[in-house]
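Please keep the sequence and the model in view while reading.

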Amino acid sequence: MVASVKDSENGSVIPIKIDRSPYFRKLESSELSGQLYYDRIINKYIQKISKQSRLHNPSSLAILKEGMKAVYGRRGILFCIDVEAWEVNTKIVTELGIAIFDPRKQANALMPNITLIHIIIRENMKRKNGRFVPEHSHNYNGKTTYILSQVEAVKFVQSLIQYYFIDLLHKRQCYLVGHDVRGDIEWMRKLGIHFPKDTSSLDTQKIYAASHGMNGASLKNALRSADIPHAFLHNAGNDAYYTLVLALRLCDPQSRALSTLDKPHPVLPKKKLRPNCSEGEFIDSAEALISRLYVQEYKSDEVYDSDDEEEVSL
């Protein structure tokens, strides 16, 4: 049952209690498993790539390893939130996006189930971007966009924070995920949304920069480097989803190896394109494409092979 409470007299938001709803009660019956198995894969991968130039720095290696333990190790829930603001007055929020990966009940799932939420602020619907920032508020790639007043949107988000970051505190850790987390927290604070002071976080910008440097560490560039197809960035729902998927890719040692994410990629010169042709790279032959995709990118001595890992009982 979901308990509803009225707003406090001083104007602060009192979150709705959702912890006893059937959905969350079912999730809380699951237990963590396989930690030894995941840790061994992580440790072996870190040892193998530690000679990479940027990761040779102990602090960079630590950032990547801690991210892997949290994400690949299924140690906690990943809660990503994104904000879009009006370009004319950035104090005015137009959209909120949330993506949540909860490993409970899906620790062995091949395809992660991610909860997706996209909210448009009702009173700011007519305030559109497009001059300085792309306008994609109606290009949400997910299923449903919800239109709420700012007061109700704030109450809704604060209720989720109450459950994931406070009610679950002694049962399961929850990580706030973002591409520049500090900026996201500041946006939330201005809206009247607050996270606990001791909130654990995973910053995909820092994790990406650990192996690629801060130069060009935008969400778009990180997604391209990680070979994650994406569309309509600057929609809060899409950005939250792609940031969460980026965290899963960056913190998965097996996925990193298969995508050659730890191998330096040369900056290729831009090709001259035919008129009305979308950006692409012209390849002369099928053999050249096969060589590019399956030979040049993958050398046996540079790819981590999980088959080398000794069997570990789950």
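Q: Which hand has the crossing of helix 3 and helix 6?
A: This is a predicted model, in which local features need pLDDT of at least 70, side-chain atom pairs count only at pLDDT 80 or more, and totals for chains, interfaces and linings use all residues. Residues are numbered from 1 along each chain as its sequence is written, and side-chain values use heavy atoms, with hydrogens and water left out. Helices (H or I, at least four residues) and strands (E, at least two) are DSSP runs numbered from the N terminus. A crossing is left-handed if the near helix is turned anticlockwise from the far one by less than a right angle, and right-handed if clockwise; that of helix 3 and helix 6 is left-handed.

Q: Which residues of helix 3 and helix 6 make the contact?
A: Contact means heavy atoms within 4.5 Å. Helix 6 contributes Lys206, Ile207 and Ala210, and the residues from helix 3 are Ser60, Ile63 and Leu64.

Q: At what angle do helix 3 and helix 6 pack?
A: Axes are lines fitted to C-alpha atoms, for helices over the stretch in contact, and angles run from 0 to 180 degrees between N-to-C directions. Angles under 35 degrees count as roughly parallel, over 145 as roughly antiparallel, 65 to 115 as roughly perpendicular and the rest as oblique. Helix 3 and helix 6 are therefore oblique to each other. The axes of helix 3 (residues 58-71) and helix 6 (residues 204-212) are 9 Å apart, and the angle is about 130°.

Q: Why is helix 6 largely enclosed by the rest of the structure?
A: Buried means under 20% relative accessible area, exposed over 50%, and partly exposed in between (1.4 Å probe, protein chains only). The buried residues of helix 6 pack against elements including helix 3, strand 5 and helix 8. Helix 6 is largely enclosed because, of its 9 residues, the number buried is 8.

Q: Is Ser211 buried or exposed?
A: Ser211 lies in helix 6. Leaving aside neighbours within four places in sequence, Ser211 is in contact with Gln52, Arg54, Leu55, Arg256 and Asp262. With a relative accessible area of 4%, Ser211 is buried.

Q: In what order do the 6 strands form the open sheet?
A: Two strands pair if DSSP finds at least two bridges between them. Strand 1 (residues 76-85) and strand 5 (residues 173-178), for example, pair in the parallel sense over 5 bridges. The pairing in the sheet is mixed, and the order is 4-3-2-1-5-6.
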